[in-house]
Amino acid sequence: EWKASNDKKNEIAAKRIIRNVLLCFKRSWGSEDFIALNAKNFLDDKDLGISYSATKNDSRKEFFRLRRVIFDILNKKTRHFFSENISNIAVTLDKVTVHRPSFTVIMTYFFNKGKIHIILNKLHKLRTDEYSSEDTATMLIEVLCETLGVSKTKLSKILKHLIYDGVYGDKEERLLG
């Protein structure tokens, strides 16, 4: 009876942790928010005189572990989905600078079952050798093939539209130099 009761409590605690971390991911919250949600669950349990909350006190580490696990699951599903279902995509590139380092934000847009979907493929930290249009194109192809799980040949068939920031274009393409 004790083992069955303990197993049930552990199952409920695990479900709470998963719900909390998924809420954080969906809302773009961080590990501090995850810790706060877990603490709230603990206080709720204390008020109710029950104990279904995890007590190991490694929430920050667990947040990042679960982020990796869920990313791997989503990545596998995305790659499988693109290998079978998608025939047209659009891609955007934008350069973002945060406290000096520059990143390329790479996003894919596609329609499925009448709805538009958007994937953040990668926040790619720009290297100094990637500031030319040719090097950016090479990097973009590698990122799209990796994140979508498609070959270069398939990518060339499904990529229908590409929008990019002027920083990635040649001097002739830039209106203001």
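**Fold, main pocket and salt bridges of the predicted chain**

The chain has five helices and four strands, where helices (H or I, at least four residues) and strands (E, at least two) are DSSP runs, numbered from the N terminus. The structure is a predicted model, in which local features need pLDDT of at least 70, side-chain atom pairs count only at pLDDT 80 or more, and totals for chains, interfaces and linings use all residues. Residues are numbered from 1 along each chain as its sequence is written, and side-chain values use heavy atoms, with hydrogens and water left out. From the N terminus on, the elements run α-α-α-β-β-β-α-α-β.

The chain contains 177 residues, of which 27% are buried. Buried means under 20% relative accessible area, exposed means over 50%, and partly exposed lies in between (1.4 Å probe, protein chains only). Contacts (heavy atoms within 4.5 Å) were also examined by separation along the chain. Among contacts with a separation of 6 or more, 52% join residues 24 or more positions apart.

Helix α3 spans residues 59-84 and holds 26 residues. The distance from its first C-alpha to its last is 37 Å, close to the 38 Å expected at 1.5 Å a residue. The expected span is 1.5 Å times one less than the number of residues.

Rolling a probe the size of a water molecule over the atoms shows where empty space is left. The search used a 1 Å grid over the protein atoms alone; a pocket is an open set of points where a 1.4 Å probe fits, with protein on both sides within 12 Å along at least five of seven lines. The largest pocket has a volume of about 880 Å³. That volume is the space filled by probe spheres set on the points, which are joined across faces, edges and corners. The pocket is lined by 22 residues, each with an atom within 4 Å of a point. R67, F71, L74, L120 and N121 are the closest to its centre. Two or more lining residues come from each of α1 (2-26), α3, β3 (115-125) and α4 (133-148). The largest share, nine residues, belongs to α3. By type, the lining divides into 11 nonpolar, five polar and six charged residues. Here Ala, Val, Leu, Ile, Met, Phe, Trp, Tyr, Cys and Pro count as nonpolar, Asp, Glu, Lys and Arg as charged, and the others, Gly among them, as polar.

Side chains of opposite charge can pair when their charged atoms come close. The structure holds six salt bridges, each a side-chain nitrogen of Lys or Arg within 4 Å of a carboxyl oxygen of Asp or Glu. Helix α1 includes the pair D7 and K3, four residues apart, about one turn of the helix. Their closest N and O atoms are 2.9 Å apart. D7 is partly exposed at 39% relative accessibility, whereas K3 is exposed at 55%. E11 and K15 form another salt bridge, at 3.3 Å from N to O. E11 and K15 also lie in α1, four residues apart. Both ends are partly exposed, E11 with a relative accessible area of 38% and K15 with 42%.

A further salt bridge joins E62 and R65, at 2.7 Å from N to O. Because E62 and R65 are three residues apart in α3, about one helical turn separates them. E62 counts as buried at 19% relative accessibility, while R65 is partly exposed at 44%.
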